Amino acid sequence: MSEQTNPIEDPVVEEAQDQSAPVEGGLSEDAHLHIDKYESMWLKIAFIIMGVFFLSVIVSSFAIGIQLPGAYARIDPTTVNDPGSPFAEPGLRELAPGKYEAYYRAQIWQFTPREIHVPLGAEVSFYVTSQDVMHGFKISDTNVNVMVIPGQVSTLKHTFDKPGEYKIICHEYCGQLHHTMYAQIFVDEPTEEVASGAQN
Ligand SMILES: [Cu+2]
């Protein structure tokens, strides 16, 4: 068997060797590793850009403290209104001068409380949960934007540096009257009476 196949295979192998021989012989090891000048330049630029992106994530999360809105705690949606639940009587509470916490209950199709007033410069920690379906919690003209998921307490912190009216809107479609679901935050400038009272 082997004697019959050898005469056929041999010329093919020889031809292949003949073709590859000059190519292999003509190129040195350095030629195989050669990277074009422009290819190498773009590779370096790509690595620098990746390095900048990586650094920006590290700096923003650890040095500046920018974090994604998180799940603060879990809560049984059926007990949201039970006595003892912080969402049974939601609203604004002052923790320290200039520092507040605001508990919001979302349900179809309203936020409770509908309206809060905070002084200019107030740092407010928001705690939001839903007692029925999924809602959204976005405060206009701020970075506050979080999903409100039944069973979960979502939290975010914001400092109100500009006076005026801010709208809280639901940005997650939650039913027929979704577009009517909103609340308001009024950031009040110190009045003259308070300002003069503070001086006296
Ligand atoms: Cu909605």
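The following questions and answers concern the fold and some local features of a predicted model. Residues are numbered from 1 along each chain as its sequence is written. Because the model is predicted, local features need pLDDT of at least 70 and side-chain atom pairs count only at pLDDT 80 or more, whereas totals for chains, interfaces and linings use all residues.

User: How many helices and strands are there in the protein chain?
Analyst: Helices (H or I, at least four residues) and strands (E, at least two) are taken as DSSP runs, numbered from the N terminus. On that basis the protein chain has four helices and 11 strands.

User: In which sense, parallel or antiparallel, do β5 and β11 pair?
Analyst: Strands of a sheet pair through backbone hydrogen bonds, in either sense. Strand β5 covers residues 115–119 and strand β11 residues 182–188, with five bridges between them; E115, for example, has Q184 in β11 as its bridge partner. By contrast, β10 (residues 164–169) and β11 run antiparallel over six bridges, and E165 stands opposite F186 there. The sense of the β5 and β11 pairing is parallel.

User: Which residue in β8 is the bridge partner of K138?
Analyst: Strands β7 and β8 run antiparallel and are joined by four bridges. Within β8, the bridge partner of K138 is N145.

User: Is I139 buried or exposed?
Analyst: A residue is buried if 20 or more other C-beta atoms lie within 10 Å of its own, exposed if 12 or fewer, and partly exposed in between, with C-beta atoms placed from the backbone. I139 lies in strand β7 and touches V144, H158, Y166, I168 and I185, leaving aside residues up to four places away in sequence, where contact requires C-beta atoms, placed from the backbone, to lie within 7 Å. Because I139 has 21 C-beta neighbours inside 10 Å, the residue counts as buried.

User: What is the separation of the C-alpha atoms of L68 and N145?
Analyst: L68 is found in the loop between α3 (37–63) and β1 (70–74), and L68 is exposed because 7 other C-beta atoms lie within 10 Å. Along the chain, L68 and N145 are 77 residues apart. Their C-alpha atoms are separated by 9.8 Å.

User: What is omega for the cis peptide bond that joins T112 and P113?
Analyst: P113 lies in the loop between β4 and β5. Another cis peptide bond joins I108 and W109, with omega about -10 degrees, and W109 has its place in the loop between β3 (99–107) and β4 (110–112). For T112 and P113, omega is about 5 degrees.

Methods:
Two strands pair if DSSP finds at least two bridges between them. Two residues are in contact if their C-beta atoms, placed from the backbone, lie within 7 Å.
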